[in-house]
Amino acid sequence: MKEITDIIKAYQKATKEKKKTALATVVKVEGSSYRRPGARMLITEDGQLTGAISGGCLEGDALRKALSAIVQQENKLITYDTTDEDDAKFGVQLGCNGIVHILFEPIIETDDLNPIAILTALQSKRENAVLVTLFSLADKLQLGTSMLFRNKPILSKIPKSISDEAIKDIQKVSENKLQHLRSMNSAVNRLMPFWSLSNLQFH
């Protein structure tokens, strides 16, 4: 939870300084990785990083991808294949053997349901909750950080067509205190995103 607190504080500082920001979230990992799904990092347009999405391996390239998302005002899913020797192009040996999918979301201050607004709502009450991030491996459309759930949806921008299916998984994660679950509804078309569920426990 400290990572989320630090991200919110960094965002508030950046806003005061009129700096644009983006949130990077690890949404899916295949194989090994230093950070697991749900890890987050805030990136400012001048290169300040808060939080982490790897052991320091991907942060340099993540800055470039975040700046692209900020300029285009568009969520972007980037896949880093750390099993590929060509990933030496990032300037480091990644030291792990997996594929990491990271979602970059530009923070639009006027959007009442932007990712930071949802994280702030999470921090407003010290109660267990599930954060939902929607993404797609097959399509350009990336809905991103979409719901805060505490026994029921608190903040949500999940489309009606998939909300019931998502809530079933969210309840499973919440009730069993799981940290993460990925699912896909095969009953809808190929644009159906995966969802990344992070179960956050307060103690």
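Me: Which residue of E5 does Glu30 stand opposite, and how do you know that strand E1 and strand E5 pair?

Reply: In this predicted model, Glu30 stands opposite Ile99 in E5. Two strands pair if DSSP finds at least two bridges between them; strand E1 (residues 21–31) and strand E5 (residues 98–106) have 9 bridges, in the antiparallel sense, and therefore they count as paired.

Me: What makes E3 and E4 the edge strands?

Reply: The open sheet has 5 strands in the order E3-E2-E1-E5-E4, with antiparallel pairing. Strand E3 (49–51) and strand E4 (76–81) each pair on one side only, and that makes them the edge strands. From one strand to the next, the twist averages 25 degrees.

Me: Which strands does helix H1 touch where it packs on the sheet?

Reply: Helix H1 (residues 2–16) touches E1, strand E2 (40–44) and E3, and its direction makes about 15 degrees with that of E2. Helix H2 (residues 59–72) also packs on the sheet, touching E1, E2, E3, E4 and E5, with its direction at about 65 degrees to that of E2.

Me: Why is Arg150 said to have no salt bridge?

Reply: Arg150, found in strand E7 (residues 144–150), is buried, and the nearest side chain of opposite charge, Glu127, is 4.2 Å away.

Me: What lies 2.6 Å from a polar atom of the side chain of Arg150?

Reply: That is the backbone oxygen of Leu122, while the backbone oxygen of Ala121 lies 3.5 Å from a polar atom of that side chain.

Note on methods. Residues are numbered from 1 along each chain as its sequence is written. This is a predicted model: local features need pLDDT of at least 70, side-chain atom pairs count only at pLDDT 80 or more; totals for chains, interfaces and linings use all residues. Side-chain values use heavy atoms; hydrogens and water are left out. Helices (H or I, at least four residues) and strands (E, at least two) are DSSP runs, numbered from the N terminus. Axes are lines fitted to C-alpha atoms, for helices over the stretch in contact, and angles run from 0 to 180 degrees between N-to-C directions. Contact means heavy atoms within 4.5 Å. Buried means under 20% relative accessible area, exposed over 50%, partly exposed in between (1.4 Å probe, protein chains only). Lys and Arg count as positive and Asp and Glu as negative; His and the chain ends are not counted. A salt bridge is a side-chain nitrogen of Lys or Arg within 4 Å of a carboxyl oxygen of Asp or Glu. A polar contact is a pair of N or O atoms within 3.5 Å; within protein, one must be able to donate a hydrogen and the other to accept it, and residues adjacent in sequence count only if both atoms are side-chain atoms.
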